[in-house]
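Take a look at the complex below. The walk-through starts with confidence, moves to the contact between the chains, and ends inside one of them.

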Amino acid sequence: MSEQVVGKIVVLEPEQQTRRDVVFERVAGALMGGAIADALGWPTEFARKPEDLHAAGLRYPITEFTAWHKRTGGRFLTRIDNIQPGDYSDDTQLTLSLARAIRPDGTVEHEYFAQQELRYWLDYARGAGATVTAAARNASRTRSDWRWNYFRFKRGKHDLDYRGAGANGAAMRMSPVALANANDPDRAYVEAWKNAAVTHGHPRAILGAVVFAEALRRLLRGHDQTADEFIADLRRWVRSLRPPSDDPDVRYWLTRWNEGPEQFDQLWAEYVSEIDSMIGRAIELRSQPLEETYRVLGCFHPATKGSGTASVVAALALFLHHGKNFERLAIAGANILGSDTDTIGAMAGSMCGAWLGYVEIPERWAAIMADYSYLNRVAEYLTLVSMRQALDNDLRARVSSIPPPPMRLLDAMKRQDIQDRRPYWHPLFGTGRVIKAESQNVGLRQPRGRVVMATVQFEFGQTCKFSSFLSLKPPSEERPRRPKRKAPQMRLDI
Amino acid sequence: MTLQLKANSDAIRDALRRHGRYELFHWTPAARLPSVLEQGLLCRRELEARTVAYDAHGYGRAGKEEDFAGFVCVSFLPSWGMMRRETGPLAVIEMPSTIAGIDRSFYCPDNTARNDYEFDEVSTWTELEHFEALFAGPNEWKLSNLQAEVWIPDGIPVDFFRTVYFRSDEDLQDALRACEPLAANLPRELNFRVKMTHFPDPDYEKPDDLDWEEIPIR
């Protein structure tokens with residue numbers, strides 16, 4: 001039924017199945033499904049072969065949540081991050097951050113997301129990618145503007161900039177935008193577009209984000225289509241995509257983007273056709289093993305493994321293969337070694353959870369997910385937003401006034417003066433209690449410093465793990481600073 | 001019409017969230033809708049002052065409606081009992097429940113028209129404890145009585161209207177035609193929607209005496 005509009009009166013479809021519990025079932029399925037698949041796929045994210053998992057204390061194939069450890073901190077300051085069963089990575093962390101930025105009308109407070117959520121996320125990020133990290137660093141600068149968060153970063157040996165940031169870091173967090181706008185495709189598209197552009201400037205990343213959001217939004221609506229019809233409709237929608245230049249923020253962004261050597265519209269058309277043909281290839285290969293589809297999409301190649309478009313199409317392929325059974329989908333996604341298992345898994349898990357509903361998600365996984373209650377609260381809020389019944393966003397912490405310095409978490413972390421079981425205060429997350437404090441000496445041959453890690457359970461519902469490094473050398477023994485070279489004096493006399 | 005919030009409107013808002021109640025309703029004959037969309041929901045006194053015609057309802061004992069003439073009644077469920085008396089098409093207007101935090105609003109845990117309630121007493125029930133009495137428990141979604149009412153002083157501007165519900169598509173289309181001249185000048189976007197469950201079943205006949213054994217279990 002087409003929408004009827006008279007002046008400012010919009011006639012909606014007759015209300016039938018909009019009971020709150022029915023919508024919640026799907027929204028909670030999408031959120032929990034994404035978080036579980038992320039947690040299950042995180043251990044295999046960087047494994048290329050089964051033996052790589054042994055070093056982390058795991059066995060191939062991964063079929064259940066287990067405790068494992070991850071080496072982080074680079075080659076010289078390696079530390080061990082002990083990860084508990086059900087802990088999730090940056091995909092779910094940023095999904096929750098974005099949910100906190102969603103207004104009751106389904107729009108996103110992008111400025112809050114960029115300058116608050118991203119800024120403080122850097123302190124507790126787990127398994128973060130290079131692009132999102134660089135974007136978050138840049139966004140947290142005082143003078144930054146979320147509408148044009150231009151930055152430069154290094155990826156391997158390559159120097160890249162914002163316009164070249166085409167990874168899946170935008171798509172991976174986009175589910176709240178889709179869930180909050182289940183009945184409003186236009187708002188979902190524009191908000192997903194704008195939020196993706198906060199961290200990524202390449203059309204691949206933005207396309208990946210909007211296509212994932214739209215696929216998830218369509219799956220939320222129910223079982224009125226076959227898989228083939230769903231894909232055919234999605235492809236038609238993809239082919240019709242244009243940048244939403246009616247929006248003033250997007251218009252400003254496009255003007256700034258086009259100040260570079262290339263024109264965005266041309267590239268956009270090119271990558272729209274790329275993702276369309278990728279979806280086509282994924283359909284053609286549906287009868288082949290999933291690994292073949294991943295290979296054709298470039299999901300095993302280091303240069304394209306994390307591409308925004310390839311990851312989303314891989315997630316669609318994973319969903320089309322195993323979408324009838326969440327358990328099989330999550331396990332399959334986690335065990336395709338060499339691919340971006342957690343991100344592809346999280347996106348496919350969200351789609352599957354939205355399609356099947358929360359009831360089809362194994363309780364043995366859901367029950368041990370970190371922040372289970374908070375994820376449910378987020379689902380409750382997004383359900384109300386999608387029905388346009390939310391009053392205000394109550395997912396954020398209520399932050400009290402600044403306490404004395406010993407109580408401030410970030411200062412205490414910097415000083416490495418953290419005590420177990422003690423309450424601390426965070427500028428964005430409010431009050432929380434340290435539930436586990438760990439300390440490790442780091443250094444290749446001899447200890448060069450100490451890393452303290454503190455897991456903090458915040459009263460508002462989320463648990464975050466913070467870490468800080470402090471050099472063991474006393475300040476005087478540190479390498480002397482090179483004296484500042486004086487600028488040559490200009491001689492004006494002749 | 002100037003609106004001011006109660007000093008404890010935040011607490012009311014928290015309570016609404018705790019009880020999971022996000023909307024309040026007011027029903028009106030669909031024929032009155034153009035006037036309502038033009039002027040807002042006005043109390044009887046305001047309607048008279050602006051010489052707007054209205055249908056007078058009896059309200060408990062004779063003359064009781066005069067006491068409440070400065071207030072508009074809204075409820076958490078559209079009032080089927082009152083609607084059953086109407087013969088023409090009806091419209092149910094949905095508004096955010098936060099209007100319960102408007103200054104001087106008061107709360108009655110039952111149908112205010114009942115003889116137990118007099119204006120002088122009910123109009124003092126403006127505090128959080130009175131608001132909580134509308135619900136079956138501190139965290140309950142259920143109301144203590146389905147006819148619980150919230151009374152808003154003076155009126156409710158059109159800005160607060162979110163959706164107008166109709167019993168059938170025919171009623172909706174009739175209302176749409178009648179409201180068309182105003183549609184472009186509304187202060188914000190407004191939804192029209194058919195939702196049968198907001199209206200009493202027209203074929204329903206109240207049995208004289210319920211015989212539970214005769215009602216088949218489905």
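What follows describes a predicted model.

Start with the confidence scores. The predictor assigns the complex an ipTM of 0.82 and a pTM of 0.75. Chain B has an average pLDDT of 84, and 88% of its residues score at least 70. One stretch of chain B needs care: residues 206–218 have a pLDDT below 50. Beyond near neighbours in sequence, this stretch makes zero contacts in the model. Where pLDDT is low, predicted coordinates should not be read in detail.

Now turn to the contact between the chains. Chain A contributes 13 residues and chain B contributes 22 residues. On the chain A side, the largest share comes from strand 2 (residues 9–11), with three residues. By class, the chain A side holds eight nonpolar, two polar and three charged residues.

Strand 2 of chain A also pairs with a strand of the other chain. Its partner is strand 9 (residues 190–194) of chain B. The two run in the parallel sense, over three bridges. Within strand 9 of chain B, B:Leu190 stands opposite A:Ile9.

Next, look within chain A. Helix 7 (residues 185–199) packs against helix 8 (residues 203–220) of chain A at an angle of about 145 degrees. Their axes are 9 Å apart. The crossing is right-handed. Helix 7 of chain A brings residues including A:Tyr189, A:Ala192 and A:Trp193 to this contact. Helix 8 of chain A meets them with residues including A:Ile206, A:Ala209 and A:Val210. The contact between these helices counts twelve nonpolar, no polar and two charged residues. Among the residues from helix 8 of chain A are A:Glu214 and A:Arg217.

Terms used
Residues are numbered from 1 along each chain as its sequence is written. Chains are lettered from A and ligands numbered from 1 in the order in which they are written. This is a predicted model: local features need pLDDT of at least 70, side-chain atom pairs count only at pLDDT 80 or more; totals for chains, interfaces and linings use all residues. pLDDT is the predictor's confidence in each residue, from 0 to 100. Two residues are in contact if their C-beta atoms, placed from the backbone, lie within 7 Å. Helices (H or I, at least four residues) and strands (E, at least two) are DSSP runs, numbered from the N terminus. Ala, Val, Leu, Ile, Met, Phe, Trp, Tyr, Cys and Pro count as nonpolar, Asp, Glu, Lys and Arg as charged, and the others, Gly among them, as polar. Two strands pair if DSSP finds at least two bridges between them. Axes are lines fitted to C-alpha atoms, for helices over the stretch in contact, and angles run from 0 to 180 degrees between N-to-C directions. A crossing is left-handed if the near helix is turned anticlockwise from the far one by less than a right angle, and right-handed if clockwise.
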